Every structure is written in C-alpha cells, then in structure tokens.
Amino acid sequence: MSSALWIAMVISALGTLLMRVVPFLWMQRRIGSEEGLNAMPQWLAVLGPLMIAAVFGVSIVPVEPSPLSWLATAIGLGVALLVWRRTRSMGWPVAAAVATYGVLMLGLGALAP
Amino acid sequence: MNPAADHSPWRSAMQGVRESIPLLGGYVPVSLSFGLVAMQAGFSTWEAAVISVLIYAGASQFLFVGMVAAGSPLWLVVCMTLLINVRHVVYGPNIAAWLPQSRHWYWLMHGLTDQVFALAHTRLPQLAAEVRFSWFAGSALLAWGVWVVGTVIGATAGEAVTARWPLLGEVMPFALPALFLTMVAPRVTDKRWALALGSTIAAALLLTLYGLSNVAIPLAAACGALYFYLVPFQPKKRTA
C-alpha cells in the first residue's frame, strides 16, 4: 500500500473508533451527572431496539437466495421462535434453527432436480 | 458457594465468549470472504489483516478495498467508509448506563459492532453489575479476534476453504438471524412496539433485497421510529 493509502486507512479507522467511543463516553458522563438516567433522550432509547430489529432484517436474506433457501429460512426462523417461547434462552433456539436450516438445505437440495 | 468466585473476571469473560459463539456463524464466512476479496483487489495478507484489526467494520471494509481497487479518490473512500459507519454513534449511548467507568473503553469500544451491540443490549441488563465489564470484554475480543483470523485465512486459503466446505458459507450464517430473532422477540411487548419492530424488519429486508444493505440499518430503524412516534395508539377505554 502507498503512504497515501495507509493514511486513508488510518483516518477511516480512527474515525470509526471515535464514532464508537465518544458517544459512549459522553453518555457515561451525562449519566454520572446530576441529571442521571433522565439524561438519556427517549428517542435514543427507542432507537436501540429498532437498530437490533434492523440488523435482524438485514440478516434474514439468505446468502444464496432461492425458493429453497427462503423456505428453509422461514421454517428455521419459525423453529427458533417456537424453541425460544419454550426455553426463553438464546442458545437452544439458535442451535435448533441452524440444525433445521442445514437439514432442509441438504435434504431438499438433494431432492431438487 | 463462594460469591466472589461467581464474579471472577475470568469466569464472566468466559461467559461473554460462550454467549458470543453464535455470532461467529456470521463472522467466519464474512471475514473469509473479506480476506479473499482483499487479495483479489491487490492487498497483501498483512494489509488485509491490518484493515480488519483497525477498521473492523464489515460493510465498510468491503467498500474500502472495492473503491481503492476501482481507483476512486482516497478522500471519497474515507468519506464513504465513515458514512457507512456513522450508525455506530447510537450504539454506545444505548449501553452506557449498564457499564462501569473504565479507562479501557478507549480501545475496548472498538469492538462495538452491530452484532456485539445487539447481544450486549440484550444481555447486559440481565447480568450482575460486577460481571458486565468482563462479559463485554470477553464477547468483544472473541468477535474481534475471530474476524482478524478469518481475514488472514481468507486471504491465504479462502478459495480452497470455501470450495472444500461450501456449506460453511451457506448454513453457518443462519445462526445470525436466529440469534437476532431471540433478541427482538422479547421486545414485542405491545401493539406499538410490534408495529415499530415489524416495520423496521420489513424495511431492512426490502432495502437489502434491493441492494441497499449498506444503508439498510439506519434507514430501517428511522422508519420504525417514525411508526413508533407517528402512529397513534389509544389506550382501551375503561368501562365504568
């Protein structure tokens, strides 16, 4: 890499780090102040769960989209939801969903012409 | 039982490592792909690894090497990389209340990716205050380490690995949506949240399908926030 490219990379890295660190430290300082937890704006508290939902939405799209992978995705997520409702844990639903998805992709993939 | 042992930093860091393992289903294939793409774009293994260590943000790393390979002006490469990562500014404030003050945050917050944030936002409030720092450190460092190792493997043997284990790239990533589903489901507590979360998921899905995955997360969250604030929900009238 040229010197200019190294500099561009370092600026990108520093900028990304600052975007992660500075708002965190700013909020910790506000929480530590007299205003306490009320310092957290409501819109920011609402945005947290919505960002997780957005990450979920992005991750739903299969790596190789096809009718088979969409079907396996729908069934796999259904299994994850059912196991979650029974166990209220995070590990078992993930294990069950990945196993279901893998079996469907392998099984139905072998049956497909 | 010794309560001090339960709160030992090592044990809680290991708990963070254990609970982050499902994230690796997404990290391993994507980091392998990044290593491979970086090599094809003319970067050496060492350069690809440094990008993964220092920038450590999936989508923007792909954009960075892609734009450099295409000969884009470097100022534009930097601007686009930072623009894609700007969504990270809302992550830190959302978990700040659950974490203690520490001088280590200056470098440890670098591990606050989309996935680590989602996991931390769900798990931190459920953990004892004493174990949260170590838990976050274990979780973030595992994800960061795997991302860098995956990049190196991808750069050195990416084609061979994906050819030998094709399901690695197809089945393992499904751990991510399954994990995120278990994080979203408990938040559906009433109609208002159901509509906001549902519209966010649908918007993110549609934007990704239309090739806008780079901006899908902030735009979809903004769409959900609009629903949350604009769609009126009237509480049920009580009968006298």
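A nonpolar core is a set of buried Ala, Val, Leu, Ile, Met, Phe, Trp, Tyr and Cys residues joined through C-beta atoms within 7 Å. A residue is buried if 20 or more other C-beta atoms, placed from the backbone, lie within 10 Å of its own, exposed if 12 or fewer, and partly exposed in between. This is a predicted model, in which local features need pLDDT of at least 70, side-chain atom pairs count only at pLDDT 80 or more, and totals for chains, interfaces and linings use all residues. Residues are numbered from 1 along each chain as its sequence is written, while chains are lettered from A and ligands numbered from 1 in the order in which they are written.

**Core and contact between chains**

- The largest nonpolar core has 99 residues, of which A:Ala54, B:Ala178 and B:Phe180 touch the most other members.
- Helix α2 (residues 9-40) of chain B is the main contributor to this core, giving 11 residues; helices (H or I, at least four residues) and strands (E, at least two) are DSSP runs, numbered from the N terminus.
- Setting aside residues up to four places away in sequence, A:Ala54 touches B:Thr200, B:Ala204, B:Ala216, B:Ile217, B:Ala220 and B:Ala221, where contact requires C-beta atoms, placed from the backbone, within 7 Å.
- Chain B contributes 73 residues to the contact and chain A 55 residues.
- On the side of chain B that touches chain A, 51 residues are nonpolar, 17 polar and 5 charged. Here Ala, Val, Leu, Ile, Met, Phe, Trp, Tyr, Cys and Pro count as nonpolar, Asp, Glu, Lys and Arg as charged, and the others, Gly among them, as polar.

**Chain A**

- Chain A contains 4 helices and 0 strands, in the order α-α-α-α along the sequence.
- The radius of gyration of chain A is 22 Å, whereas a compact globule of 113 residues would have one near 13 Å. This radius is taken over C-alpha atoms, and the globule rule is 2.2 Å times the number of residues to the power 0.38.
- The C-alpha trace of chain A spans about 60 × 50 × 20 Å along its principal axes.
- Of its 113 residues, 40% count as buried.
- A:Trp43 lies in helix α2 (residues 42-60) of chain A and counts as exposed because it has 11 C-beta neighbours inside 10 Å.

**Annotated segments of chain B**

- An unreviewed UniProt entry places the feature "transmembrane region" at several ranges of chain B, including residues 62-84 and 193-210.
- Residues 62-84 of chain B are 83% helix and 0% strand, with end C-alpha atoms 11 Å apart.
- Residues 193-210 of chain B are 94% helix and 0% strand, with end C-alpha atoms 26 Å apart.

Methods
Two residues are in contact if their C-beta atoms, placed from the backbone, lie within 7 Å. UniProt positions are given in the numbering used here, feature names are shortened, and annotations may be inferred rather than shown by experiment.
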